[in-house]
Amino acid sequence: MKRKLAILGSTGSIGTQALEVVNEHPDRFEVYALTANNQVDLLIEQARRFLPEMLVIANEDKYPRLKEALAGLPIKVWAGTDAIAQVAEAGPVDMVLTALVGYAGLQPTITAIKAKKAIALANKETLVVAGELITSLAARHKTPVLPVDSEHSAIFQCLAGEWENPVEKIILTASGGPFRTKSIEELATVTKAQALKHPNWTMGAKVTIDSASMMNKGFEMIEAKWLFGLAPEQIQIVVHPQSVIHSMVQFEDGGIMAQLGIPDMKLPISYAFSYPERLKSKAPRLDFNQYNTLTFEEPDWKRFRNLSFAFEAVRKGGNMPCIVNAANEIAVASFLREETGFLQMSDIIENTMQKASFIANPSYEDYVKTDAEARSIASEFI
Ligand code: MG
């Protein structure tokens, strides 16, 4: 039986690589649904190639073009964000890959969990915003949530066969991004183009900026806390510029397991798709002769304040991580429009954390309100 996949965010970096995995294993996977936000031409191309049952374009203005281009093919074509959630709960779907960007991933993930679809989670913001809600919902509906983020996939791979052994700590590796060695004075003037040049990973714009500002690593700490049921104190961030070790797990006997490889998102994607099996891959293998030095250093909390904000937010709990996420989305969008400086992004987050209303035990509706309120506070500050 082929596993039927719904790929939410199929035209992004993770989505396109997920389709490459499907393409390499047509005997294992079938594309049931694809959704995209805006990139209608690529979505049309993907639909013709994979012939899904359902297709959604979130931007309703692009619907006529999509509908017309696929006329005559047996594909149901919908538009709008509500349709994305409908796809996520469609009967025949076995697994939903959430590769949307930002807060937009929350609602469809909740819908998919309630419909008992296995989740391949590529949208870390879902767990940053509402980790408690998502993990309790997944437990109640007995829905597996499999990590696609490379660090969390690495941790998950290290934990395979060790489920009964308590974890002492997790060592979350970080490349340090393009600005690892830049001084605070230099950081004040870095440009969008410089921030978009990640040394090791090719990713979408949002996560690449988050990597440059280390917000990504802060979010990954929160993501790890929820995925693996740990306290923030059990998660150590270590800068490892070569990105060969994708993260590690330390057990109570002091033993440390690591997962290594050449940076390539197709491995975490295919591991989530086929877990607990591993699928054959033709990707280049790690050659230790090419990496005779692996280095490690402590992150700089002064230059990369977002790391502290993430720990502060998760310790405070409630809707605070949701506030940080919303402020960060506004800050990153503004930086990408070249209206906000690199360091100002952290000021926007700090200011929003101070001003937004705190809720200790938020419901889903509270998250929706918090997201809107924090976005408006952050926007005023720009
Ligand atoms: Mg990552």
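## An aromatic cluster

Ring pairs join F156, W163, Y271 and Y275 into a cluster. Here, rings of Phe, Tyr and Trp (its six-membered ring) pair if their centres lie within 6.5 Å, with planes under 30 degrees apart called stacked, over 60 edge-to-face and the rest tilted. Keep in mind that this is a predicted model, where local features need pLDDT of at least 70, side-chain atom pairs count only at pLDDT 80 or more, and totals for chains, interfaces and linings use all residues. Residues are numbered from 1 along each chain as its sequence is written, and side-chain values use heavy atoms, leaving out hydrogens and water.

A search of the whole structure turns up eight aromatic pairs. One of them is F156 with Y271, an edge-to-face pair at 6.0 Å centre to centre and 75° between the planes. That pair links distant parts of the chain: F156 sits in helix α7 (residues 150-159) and Y271 in helix α12 (residues 266-274), 115 residues apart. Helices (H or I, at least four residues) are DSSP runs numbered from the N terminus, as are strands (E, at least two).

F156 also pairs with Y275, this time tilted, at 4.8 Å centre to centre and 50° between the planes. Y275 lies in the loop between α12 and α13 (305-316) and F156 in helix α7, so this pair ties together parts that are 119 residues apart in sequence. As for burial, F156 is buried, with a relative accessible area of 10%, while Y275 is partly exposed at 28%. The cut-offs are under 20% relative accessible area for buried, over 50% for exposed, and partly exposed in between (1.4 Å probe, protein chains only).

The contact (heavy atoms within 4.5 Å) takes 28 residues from domain 1 and 28 residues from domain 2.

Between them, domain 1 and domain 2 bury about 2,400 Å², 70% of it on carbon and sulfur atoms. Buried area means the accessible area (1.4 Å probe) that two parts lose on being put together, summed over both. On the domain 1 side, K124, V128 and P147 lose the most area to domain 2, together 26% of what that side buries.

## Charged side chains

Five salt bridges are counted between domain 1 and domain 2, each needing a side-chain nitrogen of Lys or Arg within 4 Å of a carboxyl oxygen of Asp or Glu. K266 and E20 meet in a salt bridge through their side chains (2.8 Å, N to O).
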